[in-house]
Amino acid sequence: MSDRVQIFEVVARDGFQNEARFVETADKIALIDALSRTGVAKIEATAFVSPRAVPNMRDAAQVLAGVTRAPGVVYSALAPNLRGAANAVAAAAHEVNVVLSASESHNWSNVRMTCADSLADLTRIVDACSLTGTPVNISIATAFGCPFEGPVAPSRVLDFVKRCAQAGAAGVTLADTIGVANPVQVERLVAAAMQILGPVPLTLHFHDTRGLGLANVYAAWRAGARRFDASLGGIGGCPFAPGATGNICTEDTVHMFAEMGVETGVDLEMVIDLARTLPQLLGHDTFGRLTKVRSRAQAECRTAAAQ
Ligand code: COA
Ligand code: ZN
């Protein structure tokens with residue numbers, strides 16, 4: 001297992017899906033192109049979903065067509081069903097990220113299917129994508145808790161993990177959709193999921209709703225996880241989960257690993273600079289800590305140098 005951590009940037013999907021204001025297609029493309037130069041391993045560029053359900057993703061095909069594909073970066077797209085997966089493949093996404101929820105009521109709220117139907121669809125989606133050699137990552141939402149049902153039994157989540165592997169997933173993501181996970185829970189579930197998955201890579205997708213985002217990243221890393229979704233500026237959230245708030249913040253996550261001496265390949269200064277462009281793009285402040293601390297620190301440095 002490589003000790004290098006991979007950062008998967010989800011601002012253009014998880015981040016923008018939760019914004020009330022439409023982010024212009026050209027602005028999305030420009031941001032993704034800039035992110036392509038930062039060293040992130042994967043960019044979830046968009047989602048092929050109902051434009052009525054998530055208006056900010058209505059330009060999915062144009063976004064994927066407009067992005068300049070940087071060598072070594074995987075451009076992924078989220079899909080809730082077979083139709084979305086087919087559209088993602090047609091738009092030449094490098095990877096389709098299919099989402100289903102571990103809890104029945106969130107799956108219904110999010111993708112309007114029963115868990116059984118979503119699980120049954122997985123094989124069909126993997127088969128359809130295999131015609132073009134497009135790998136399918138499967139994201140299990142509400143893996144650490146559900147906004148409607150509360151706790152979700154780890155045995156149920158692990159059963160879903162097993163079924164994802166059996167369906168031919170190229171990767172599996174455990175998502176803490178509403179930021180209720182705690183580090184002990186994370187450590188246990190990650191260890192158990194990795195045992196089931198074997199060579200199939202596991203990704204963790206955390207939200208920082210209750211301030212435990214980076215503690216959960218650390219717990220997952222200690223348990224052996226090396227792949228993390230993160231969103232520039234810590235924006236994001238599921239529009240179909242009441243009270244959902246931002247993802248773990250890319251620049252803060254990169255900073256934590258850098259301070260720990262763990263290589264991510266991501267240029268910290270570049271992601272800080274990009275995160276600072278978000279408030280103007282979105283019309284509101286963002287949630288990252290480092291953008292704020294760093295600006296103060298840099299101001300102090302300049303003062304010191306001038307004296
Ligand atoms: N992409 C675009 N449109 C889609 C679609 C897809 N993947 N799947 C279905 N649709 C269309 C249908 O054709 C239909 O369009 P029409 O009304 O013009 O005929 C409309 O969406 C509704 O489809 P229907 O099958 O009745 O499903 P629904 O209204 O129950 O919606 C989803 C189902 C999955 C399309 C919708 O709930 C959705 O897009 N969810 C996305 C959830 C999401 O992105 N969550 C955040 C990320 S985790
Ligand atoms: Zn999310």
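Predicted model: local features only at pLDDT ≥ 70, side-chain atom pairs only at ≥ 80, totals over all residues.
Let me begin with a definition: rings of Phe, Tyr and Trp (for Trp, its six-membered ring) pair if their centres lie within 6.5 Å, and planes under 30 degrees apart count as stacked, over 60 as edge-to-face and the rest as tilted. With that in mind, please look at Tyr218, Trp221, Phe228 and Phe257, which form one aromatic cluster.

Residues are numbered from 1 along each chain as its sequence is written, chains are lettered from A and ligands numbered from 1 in the order in which they are written, and side-chain values use heavy atoms, with hydrogens and water left out.

Searching the whole structure gives four aromatic pairs. One of them joins phenylalanine 228 and phenylalanine 257, and this pair is tilted, with 5.7 Å from centre to centre and 35° between the planes. It links distant parts of the chain, since phenylalanine 228 belongs to strand β8 (residues 227–230) and phenylalanine 257 to helix α10, 29 residues apart; here helices (H or I, at least four residues) and strands (E, at least two) are DSSP runs, numbered from the N terminus.

Is this pair buried or exposed? Phenylalanine 228 counts as buried because its relative accessibility is 0%, and phenylalanine 257 counts as buried because its value is also 0%, where buried means under 20% relative accessible area, exposed over 50% and partly exposed in between, with a 1.4 Å probe and protein chains only.

Staying with helix α10, which covers residues 250–259, we find it mostly covered, as seven of its 10 residues are buried, among them Thr250, Glu251 and Met256. Just after α10, glycine 261 takes a positive phi of about 80°.

Now to the metal: which residues are the protein donors of the zinc ion, ligand 2? They are Asp14 (OD), His205 (NE2) and His207 (NE2), lying 1.9 to 2.1 Å from the ion, where donors are N, O and S atoms within 2.8 Å of the metal (3.2 Å for Na, K and Ca), and, as water is not among the atoms, sites may look incomplete. Distant parts of the chain are linked here, with aspartate 14 in helix α1 (residues 11–17) and histidine 205 in strand β7 (residues 202–206), 191 residues apart. Aspartate 14 counts as buried because its relative accessibility is 2%, and histidine 205 counts as buried because its value is 6%.
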